[in-house]
There are 2 protein chains.
Amino acid sequence: MISVAEAARLVAATIRPLPPEYLSLRLAAGRVLREDLRADRDFPPFNRVAMDGIALCYAALAAGQTEFRIDNTQFAGQPPVRVPDVTAAVEIMTGAMLPAELDTVVRYEDLTFRTDAAGQRWARVEAASPKAGHNIHPQAADRRQGDLLVPAGTCLGPAELAVAATIGAVTVAVTRQPRVAVVSTGDELVPITQVPAAHQIRRSNAIMLQAAAETAGAITETFHFDDDPAALRQGLPALLTGFDAVVLSGGVSMGKADFLPQVLRELGVEQLFHEVRQRPGKPFWFGQRPGGAVVFALPGNPVSSFVNFYRYARPWLLAVQQPTGPAPAGATPTTAVLTQPVDFKPPVTHFLLVRLVADSNGRLLATPERAGGSGDMASLLTSSGFLELPPEMEHFPAGTVLPAWRFRE
Amino acid sequence: MISVAEAARLVAATIRPLPPEYLSLRLAAGRVLREDLRADRDFPPFNRVAMDGIALCYAALAAGQTEFRIDNTQFAGQPPVRVPDVTAAVEIMTGAMLPAELDTVVRYEDLTFRTDAAGQRWARVEAASPKAGHNIHPQAADRRQGDLLVPAGTCLGPAELAVAATIGAVTVAVTRQPRVAVVSTGDELVPITQVPAAHQIRRSNAIMLQAAAETAGAITETFHFDDDPAALRQGLPALLTGFDAVVLSGGVSMGKADFLPQVLRELGVEQLFHEVRQRPGKPFWFGQRPGGAVVFALPGNPVSSFVNFYRYARPWLLAVQQPTGPAPAGATPTTAVLTQPVDFKPPVTHFLLVRLVADSNGRLLATPERAGGSGDMASLLTSSGFLELPPEMEHFPAGTVLPAWRFRE
């Protein structure tokens, strides 16, 4: 039996980046970029007017001129007007390109306007002392042409999509989605459309693990097998070649119907470990078919399979999508502060279900959830994640800071 | 001009729950439940075996019997066997229903087996003192039939889907998705497929706001209008009746091409406010067409529109989906600790772009991002959210705890 750290290391050793694919920007939201996005022009690409008002030449203002003849009006999206006389001004709008001869914008709030007898408009500068360059967002102030804007490995959120659009990245290279087969096993499980007999229950792990895999960016399909070696031998090979990962639940304990480890080995899946010094989820089996799918064979108890998914499978799914760049959110735990003392004696890592709440001092507080063991699926409803209690400690006082894995925000 | 608090209050006053729709459970992931889910049976529905081993009657063990004849084997998914002789045992698997005559399970790890000359198998209990009821997850230990499991107003994550599957909720009532029209305005904006002239830029706010609205659960469609009152008068009415919310960017400042507030009023949209004492995003306009869409008319500067979306529009979108239950994540700010002093003198609320990182003590730290103003779209790339600095303070020392709005994890 191996430690949680060793299990995580063996899982991480199977991480290979998935290949990129090219998608239209609209379809790339939430995906991981696989190319560097660089500035096609300066940011801003021109001296950009940042306020509605008048553009003028600061030298005139500095020389004492307070009233300016309005010679022209320039809107955003128009080529810049020519200004032959730099004692005149241009009425100008936010987003417009500053005329080459001018250098400062005075906003409407600091102006008064009048129209003279000849119909000519004039603006008087009322503000005490506008500065040269005021209300101009100068060309290249934020980024220069060629600068790296979004590095490969970044998850494309709204801000990244906006920047990609600005540089005309109509299609982008992103990691293709991991393909995950979610497989439930167990003779006691009936479809959710069926009324179970007294000794049966409905299949629930499959939809749970499917939804969890999808929140990690995967494309999923669900399958079910009874506890029958022949059915497993027949059904599993296609999953081992057609998917990047196979997430099973059930069939990995010591029971007489726990055929999975043996059948998986028969089918050429190399066992990397079986059983981890952890609670819940000790019987977790992990392997890889050479050149094919990795197999997360999770214990069938709902809390065990759920916690193991978030501890091992979700980080794997995120990592194969993100070969470079910072660790994706959810691939590493955050930290939280225990609100009440916990005792846990067995020398194994304990995954403790907790409610996570940010307090008014910016700290994340973790309150243990009353749970009836690894079969108590309902205990997941009121938990927002779990703490990872290290095996070498038995008593965890209130205030202990521990790694926390979230499964909801 | 009104305060941020007053603006948020006026936005919240327009919140009306969207109607429910009925979806198959598989399609309901991430949606907000609109009915209570109750236990159709006890949880667990029977005395459930929690370990592989043998089931026996504890009274025999207590009376000194250490070896038990194995009379039968029972797998999960089988009806319970009959046990006429309670000095015998049943070999039994995790997930099976405990036979009525027995009350305790001893796991394989605590047993040794032998087969006698007649071919009868026997199990010897080696563990010091198993307890009555050991390794049984008793019927109704977690929840009773009829108990409320998932209340209306809960967002359906993996755990909720699993519980819904368990109770046979093949279809569930969930809030229908908000329909959001995302509209960019501005003559300077060209499609992202086009090479802009020197004074033009590509449209980027639309895809940014679209992606942000979709992460809040919305169905979106994007539109663009030039700064032309006639085009706005012609195009906007269909959006005001066909969508729950219209999110515009641009056209709300003091410029001569900022026609939106006037056109919106002409089209029957009641103005609820225009201009908020905040930076960035002062020119934010908000209104509602009686019986129709609410209109978030955001300033066109990318940082302004982004920050305003997360401060006002995202909470609205989450709230119309969730009429009951706790406030959804993202509808209220979390708290974070400023890592360096910040001075901000103007008597307005300041939305300060920050990087948010959890430290090793469970605290969320906020480090201000160097930003070139509300036009500096690239500053959004390295920020993970923004702090809300109240208007009545000018100096914010390092260590100040402030409300933080996240736009990425």
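Student: What makes up the domains of chain A?

Tutor: In this predicted model, chain A is divided into domain 1 (4-18 + 177-321), domain 2 (20-38 + 148-175), domain 3 (48-137) and domain 4 (334-406), with bounds that come from an automatic or database domain assignment. Residues are numbered from 1 along each chain as its sequence is written.

Student: How many residues do domain 1 and domain 4 of chain A bring to their contact?

Tutor: The C-alpha centres of domain 1 and domain 4 of chain A lie 25 Å apart, and the contact takes 17 residues from domain 1 and 19 residues from domain 4, where contact means heavy atoms within 4.5 Å.

Student: What makes B:Lys256 and A:Glu91 a salt bridge?

Tutor: The N to O distance between the side chains of B:Lys256 and A:Glu91 is 3.3 Å, and therefore this pair also meets the definition. Across the interface of chain B and chain A the rule finds ten salt bridges.

Student: What is the area buried between chain B and chain A?

Tutor: About 7,300 Å² is buried between chain B and chain A, with carbon and sulfur atoms giving 60%; buried area is the accessible area (1.4 Å probe) that two parts lose on being put together, summed over both.

Key:
Chains are lettered from A and ligands numbered from 1 in the order in which they are written. This is a predicted model: local features need pLDDT of at least 70, side-chain atom pairs count only at pLDDT 80 or more; totals for chains, interfaces and linings use all residues. Side-chain values use heavy atoms; hydrogens and water are left out. A salt bridge is a side-chain nitrogen of Lys or Arg within 4 Å of a carboxyl oxygen of Asp or Glu.
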